[in-house]
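Take a moment with the sequence and the model before reading on. The text below walks through the structure piece by piece.

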Amino acid sequence: MDPFTENQLHINRRHFFGNAATGIGGAALASLLGGDAMAADKAPTKRSGGLPGFPNFTGKAKRVIYLFQSGAPSQMDLYDYKPKLKDLRATELPDSIRQGQRLTGMTSKQDSFPVAPTKFKFKQRGKSGAWVSELLPHIANVADDLCFVKTIYTQAINHDPAITFFQTGAQLAGRPSMGSWLSYGLGSDNADLPAFVAMVSGSGGQPLYDRLWGSGFLPTRYQGIKFRSVGDPVLFLSNPPGVADETRRRVLDDLAKLNRLKLEEYGDPEIATRLSQYELAYRMQTSVPELTDISGETKQTFELYGEEAKKPGTYAFNCLLARRLAERGVRFIQLFHRGWDQHTELPKGIGKQCADTDRASAGLIADLKQRGMLEDTLVVWGGEFGRTVYCQGKLTKEDYGRDHHPRCFSIWMAGGGIKPGMSYGTTDDYCYNIAENPVHVHDLHATMLHCLGIDHKKLVYKFQGRYFRLTDVHGNVVKELLA
Amino acid sequence: MPRLMSDKPGLRVAPFLSAGFLILTLGNLVGLSAAEPVAGKVDFNRDIRPILSDVCFHCHGPDENQREADLRLDNKTGAFAKRDGSTTIVPGKPGSSELIRRITSTDPDERMPPADADRKLNPQQIELFRRWIAQGAEWKQHWSFVAPKRQPLPTVKNKSWIANPVDAYILARLEREGLSPSPPADKTTLIRRVSLDLTGLPPTPAEIDAFLADDSPNAYDKVVDRLLKSPRYGERMAVRWLDLARYADTSGYQNDGERFMWRWRDWVIEAFNNNMPFDQFTVEQMAGDLLPNPTLEQRIATAFHRNHRGNAEGGVIPEEFAVEYVVDRVETTATVWLGLTLGCTRCHDHKYDPFSQKEFYQLFAYFNNLPENGRAIKDGNSPPYIQAPTRSQRKQLAKLRSQLAATETTFRKLGPDIDRAQVTWEKSLNTEKQIDWTVTENLVARFALDAEARADQKPSFSKKPGFSAPTNDAKASGGRKPADAFEFKDGTPTFAPGKLGRAADLDGKRYIDAGDVGKFDFFDKFSCGAWINPQGPQGGMILSRMMDADLKRAKGYRMRLRNGKLEVSLSVRWLDDAIRVETVEPVTADRWQHVMMTYDGSRLAKGVKVYVDGKPQKLKVNLDGLNQTFQTDDPFRIGAGGGPVARFHGLIDDVRLYNSSLSSAQVEQIANVESINSIVRTSPDKRTGPQQRKLRAYFLAEQAPQPIRDAHRSLVSLRIQTATFIEELPTVMVMQEMETPRETFLLKRGEYDKHGEQVQRGTPVSLHSLRDGAPNNRLGLARWLVDESNPLTARVTVNRYWEMLFGTGIVKTVEDFGSQGEAPTHPELLDWLAVEFVSPQTKSAKPWDVKAILKTMVMSAAYRQSSKVTPALLEKDPENRLLARGPRFRLTAETIRDQALFVSGLMVEKRGGPSVKPYQPAGLWKEIATSTGYPQDHGEKLYRRSMYTFWKRTVAPPSMVAFDAAAREACQARRARTNTPLQALTLLNETAFVEAARVLAERTMTEAGTTTDRVTRAYRLAMSRRPSPVELRILSAGYDAHLAHYQKNPDATLKVISIGESKRNEKLSPTELAAWTAITGLILNLDEVVTKE
């Protein structure tokens, strides 16, 4: 049999490319968007790509929306209520609490470490009675849908290694990000969109890096595609100025003809793949603008997310887009919001951050819930470490600052497989050490993978002779968090 | 419109296609097994060790701490040992071997691997074990740890196919597999293939014609020689090396500031072009600084080990990152030269290969002796670095220096004339007339403080050249005063008799707000000073331009009294981002004295000097870690800054600011306020040094006869010119040894603060040892790497070259030659190449001759085969590991862009120099790191070869990333070769490619007349070959359609042909050009164009 002529070349164009998920096009998509053709062969109907045998069991979540709060939000000003600190205001942090803990170069030479209680009020919310700061009224309203984890901890003490750790399970550059692992393991549920999308909002504060959505040593096709708020949402998506769609179509048709002639002559399957990639590119030129066009969203939607959601580049807009991506089956949707690094003037800074993010974060939860999508969408909110109870710089009546604190901080999770309306783990009275139920970054990763039906020890990739995984050689699923 | 959510069922993919797609994966799905089929004799290294390694070593391998049941299977002693009455492996007797019993046991407690193991044995593997033992269980050392030896060539049937020994090995394997080689590629394909491979650029039509016309038997030979001599060869070869060396133009963390390492990059290009032997190439990069009397080039070469990332983040714990840098050097060295994954042994003994954790730190010790700080410099190079002038700069500098020397000599000869002229002038001087004179060059502001007024002010500040955008964007916020502001604050204006006229009288509360003057930054040279007469408590701010916040947080620069000492701070954040020095000796209270600070823009404490009464002061450094801009919008203040607690008490007079780092001679002159007439009145033999020097300076500047003044002026300007030239020379970070070696400890779990036992430098025991008498330092280690008894370096190196040409290495895992790496497809060929590389038998080749070994590869018949794929070959060998056909694969990111620039004629072929910033979508840097804009270049810098594109690690150039360029965050030995829609979008829409299409259209329109000729011309430029009639038909019809379209759409026409900054050829018809641009754009997107075939 001459497979090329028989099976591909004589199929007319319409048939050849008309059906996204069929034929050679679909197979090649699989290879780009999150898997390889071998696996696609065995995958469930709607899925393209992914590894055979994945998911390992039926997980409750099909996708993840990670609301990363970059710069490290202060846990004791938002979620981890510490009433006793009021009386300890301006007293020195006891050595028995600090326990020789290493400090960053910014405060390690400080001559005193005065305790700075939060100046914000806390209240218990919902049926679950979760403590939430007055800074987050909207998140407080959905508290019963959330699972607060007060005892996350990490080893990293500086932003770059810490955020890299959260995204890749290692502090140094080079490992694949979590979204890449999922694209590789689970493939894509939408042939026309990338399996892993990253979006950035907020300005100032700590910078971000391409590696945070990079594929590390996994093939580059698993890397996250950053949707941009200025210019093309996806780089080079638009036709150049003056190139009409009909011109582009004609060029692509002629290109396909010529490439097919080449395929006929040379028989290299790479040529067939390239043919299909051009068609996918063409389809992305339609599917991505359709995705980012929010003109059809209702008034009710904007009531949920806030008017800011109409402005591309805002956190609220990205939250709304996250829901639209989730609807379209994108596997891993990673938001980054910058600006949480309040070393000084924390009350002012954190207030602004909360105002920018509170409503849309809560709106996303409510929106997913009303659409019945919260049960199979895992949402995570959190930063790369916490902040110190002691004041960085001068403690005044109105003002304080906080340095980096890796030993405990708070995040919340919701939806797909996570127990709603609970708080997990406790810290000591100084919010400095974990009193019970520590959850390491690796544990969080293991738990998230579990929600997606993945045994974190099985999602491996052999590189430089070693089987790597997101959780390195660590990680335990925190069963108490599971629904 | 396509539906977004596809609900179509997936089609089963035909097996042949699946196999084809596997080429795309780098990973753990293996197509054709690299090893030969396992019929017949079982080979330990080929068949058994990989299974043992993958499945068993994790618990029964080299790592003592993880070893279960005290059973070791990675060495012969362990595997054949008698244990508790049973023997693990009994040669010839599978039935008596405990190993077989345990891997086949049905008892779950006995069965190995245990039920919860990550990896299991399949029945075929168990059968292999059984057969291997039955056949005598021959144990061999892991193949790559045994040095390669020259062996007799294999015999083959089809002898006529053999062009050189390479082919004997390829053909022997093909014949064993029952395959035949493909016919030779046609000459056009071949010259394109070899040109792309050796120079990274396609051949020109003229070069193709010459080759086609050359019927001589060595026509191809001549082409290869020409290409190897081309300077483009060095650029092409350097790209691979840059990936390995994790070369980039930024430091890689956080805001990812710029660094300057391009002098090393240019060294690499030059080394390849000069065909520097690989052993020398190795030694100079590893340890050029330790060679006897190292040349500048040899020191530049050591930048290899400084290309790792560097963290300048605020809260960094320096020791933590200092360790990371050294670890990076060890891992990089292991990957590049040894093909070993030593990174594992940072935390524990290796799980698969015979290397211990202690050995990791013994290697670590070689690289741990650098005077470096774990906290890197944010913008610019981190010490140690050297000035590294280019050859032409060195020539210029030599010229300047000899000019300067000559001028100095001439001027010195004028000495007696000057003395005489000065005496004459002094005699003629009316000494009653007051002449005040001091340094006014680069004076930007002076406050006489005689009244509420000011003078002499011109706020102009220099920026250090070469930095992209290190300063923040916050500008024009409130609180800034006009430049002529001058106002007493917190009290009424008060003056008292001063050093010169009157002085500001400050009481520890009131101060002067002097407005927007002296807005210097951390790259600026500047000086400031004043006369002070401190009264009462010995504290308070003298001069400052800093935030008026509390002292600890205040950002800016200042000079103040603290406990009687003079303290100077240039500060972003006290405690971790500032320079702070103070004088060892206190100043005196209740007395006038002149105080002055100078700063040379170096961001180092040693760049700050402090003078009292014109004399340089001994300084104590309290902090030396300035890393970013300290500019503020707060005004310049006299007597205040840093809040109300820090005000000056006493008198201040004659405040001066200069935008240069004044010399000590200049400060001395400023501090000496005696008038010129007064000095002249002093009899010459009674004049002090400062008096003499000031008088002479004044005389030379103002009063000497014209010829003397001219001579003096040209001397001074030449001095400045030379100093400026030297200062602006490029620098490069290099390796350097500390005098007292730093101690090295094993780090438990690899953590910087968990010291274990102290270790000494040493090489791993399972490899060869250092030569007797070799120095036990980096130089010794470098020579050890290229010692002829090293079993790895030559193999690893030739394997990378092989991969570059053939698409896949003989060992596919080019980065891992350990037991978890893939076995070589042609082990004997790999050994032959390695031996030939080190001690060549080929005439004219020298040892470690890179060009010669590449030539051997490209001259082989294997390389010269047609790359057409037949269904039979595709089924048998989808990845082309056996090479029954020539290599065909996508070009690299750099080559794809370079080719587009080259064939259009846009490329500017200039070698070396600072990196350039071609087109990039707007805002790409800014959206993830607010403070860094991308200042795109213009003109010729848009069209340089891609290897010169500025590489920002945290936001790499998108059109390079789309085509799998290495991220340059860490050493990368192998690039992926994916095929994605983002690549299609890049080629179709990215400015550089659209512009190249337009310029290629202009070129074909100018160089050819008819449609057929133009298509043909474009084809020959882009693909070397001519179009077929069918192709011509398709493109001609396409052209007609596009032309009709653009004739109807003049606006679109203009837009399409106006993309890119190169000037359009206005003589050509716009509509035709637009239509041709569509055609040439299509051509640049053809699979064949982006593919080497």
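Helix α16(B) has a buried side to look at: Q393(B), L397(B), L400(B), L404(B), T407(B) and F411(B) are all buried. This is a predicted model. What covers the buried residues of α16(B)? The cover includes three helices of chain B: α17 (415-428), α20 (689-703) and α21 (706-727).

Helix α16 of chain B runs over residues 391-413, which is 23 residues. At 1.5 Å a residue it should span 33 Å. Its end C-alpha atoms are 33 Å apart, so expectation and model agree.

Helix α23 covers residues 793-806, and its 14 residues should span 20 Å at 1.5 Å a residue. The end C-alpha atoms are 20 Å apart, which agrees. How many residues of α23(B) are buried? The count is 14 of 14, so by the cut-off of under 20% relative accessible area this helix is mostly covered. Just after α23(B) comes G807(B), which takes a positive phi of about 95 degrees.

Step back to chain B as a whole. It holds 34 helices and 24 strands. Its C-alpha trace spans about 115 × 85 × 70 Å along the principal axes. Of its 1093 residues, 61% count as buried. Take the contacts between residues at least 6 apart in the sequence of chain B: 72% of them join residues at least 24 apart.

The accessible surface comes to about 41,600 Å², and carbon and sulfur atoms account for 52% of it. Chain B carries 152 positive and 136 negative side chains. The centres of these two sets lie 2 Å apart.

Which residues have the most contacts inside the largest nonpolar core? They are L67(A), W412(A) and I1083(B), in a core of 132 residues. Leaving aside neighbours within four places in sequence, its contacts include L67(A), Y79(A), I139(A) and L146(A). Also among them are F148(A), I365(A), V380(A) and W381(A).

Some details of the backbone remain. Two cis peptide bonds come first. One runs from M112(B) to P113(B), with omega near -10 degrees. P113(B) is found in the loop between α4 (98-104) and α5 (123-134) of chain B. A cis bond also joins P383(B) and P384(B), where omega is about -5 degrees. P384(B) sits in the loop between α15 (357-366) and β3 (385-387) of chain B.

Finish in chain A, with positive phi values. A90(A) is not a glycine, yet its phi is near 70 degrees. Its place is the loop between α6 (85-88) and α7 (95-98) of chain A. Is A90(A) buried or partly exposed? Its relative accessible area is 43%, so A90(A) is partly exposed. E345(A) is not a glycine either, and its positive phi is about 45 degrees. This residue lies in the loop between β7 (332-337) and α15 (346-370) of chain A. With a relative accessible area of 34%, E345(A) is partly exposed.

Technical notes: Residues are numbered from 1 along each chain as its sequence is written. Chains are lettered from A and ligands numbered from 1 in the order in which they are written. This is a predicted model: local features need pLDDT of at least 70, side-chain atom pairs count only at pLDDT 80 or more; totals for chains, interfaces and linings use all residues. Side-chain values use heavy atoms; hydrogens and water are left out. Helices (H or I, at least four residues) and strands (E, at least two) are DSSP runs, numbered from the N terminus. Buried means under 20% relative accessible area, exposed over 50%, partly exposed in between (1.4 Å probe, protein chains only). Contact means heavy atoms within 4.5 Å. Accessible areas come from the Shrake-Rupley method with a 1.4 Å probe; for residues, only the protein chains shown count as cover. Lys and Arg count as positive and Asp and Glu as negative; His and the chain ends are not counted. The place of a charge is taken as NZ of Lys, CZ of Arg, CG of Asp or CD of Glu. The expected span of a helix is 1.5 Å times one less than its number of residues. A nonpolar core is a set of buried Ala, Val, Leu, Ile, Met, Phe, Trp, Tyr and Cys residues joined through side-chain atoms within 4.5 Å.
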